[in-house]
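This report concerns the pairing of charged side chains. The sequence and the structure are shown first.

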Amino acid sequence: MVEQLTKLIEQVTAKEVSGAAISNELTGAVTKETGDSIINGFKNSISQGDLGGLTSLLSGNAGNLASNPMVSGMIGNLISGLTTKLGLPEGIANNFASSVIPSVIQMIISKVQGGESGFQLTDLISGLGDGKGGNDLLGSLTGGKEGLGGAIDALKGLF
């Protein structure tokens, strides 16, 4: 899932960079910051137990994406990374982040709703786990149950 997510982020970011006032030399670094902001936003939601918010977002029931707390957090983190790490002016970083994050999230939502392989909520949760037993996000969410069956049990009440 993370690999598919990364490819999606790369595609959208490349398009958005070409339309923004960002030099092509920064495309790789901007893509990395964008990916980090989105993936860390999902990880934070999962680790904080906000499966309802994640489910609502990915089911398309979150309303205006820019006003969604998870999405606005991703946008804020990306703006911060682009200005502090890459030295982009705040206005350019703001315009880029406010455009690219909702675009990527909307594409993820479309893939989840379309049932595309690798873009199910359980794939996302398991893909963002670290696979190290006690620190595994999936394991902590499922009370230590093995595999995706535990995740499905944990998510049943959310649908």
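## A pair within helix 2

Lysine 32 and aspartate 36 both belong to helix 2 (residues 27-47), where a spacing of four residues puts about one helical turn between them. The model is a predicted one. In it, these two residues form a salt bridge in which the closest N and O atoms are 2.7 Å apart. Aspartate 36 is partly exposed, its relative accessibility being 29%.

## A pair within helix 1

Helix 1 (residues 2-19) holds glutamate 3 and lysine 7, which are four residues apart and thus separated by about one helical turn. Their side chains meet in a salt bridge, with an N to O distance of 3.5 Å.

Glutamate 3 has a relative accessible area of 57% and is exposed. Lysine 7, at 46% relative accessibility, counts as partly exposed.

## A pair between a loop and helix 2

A salt bridge also joins lysine 85 to glutamate 33, and the closest N and O atoms lie 3.6 Å apart. Lysine 85 is located in the loop between helix 4 (69-84) and helix 5 (90-113), whereas glutamate 33 is in helix 2, so this pair ties together parts that are 52 residues apart in sequence.

Lysine 85 counts as exposed at 59% relative accessibility. Glutamate 33 has a relative accessible area of 8%; because buried means under 20%, glutamate 33 is buried.

## Overall count

A search of the whole structure finds three salt bridges. In general, side chains of opposite charge can pair when their charged atoms come close.

Key: Residues are numbered from 1 along each chain as its sequence is written. This is a predicted model: local features need pLDDT of at least 70, side-chain atom pairs count only at pLDDT 80 or more; totals for chains, interfaces and linings use all residues. Side-chain values use heavy atoms; hydrogens and water are left out. A salt bridge is a side-chain nitrogen of Lys or Arg within 4 Å of a carboxyl oxygen of Asp or Glu. Helices (H or I, at least four residues) and strands (E, at least two) are DSSP runs, numbered from the N terminus. Buried means under 20% relative accessible area, exposed over 50%, partly exposed in between (1.4 Å probe, protein chains only).
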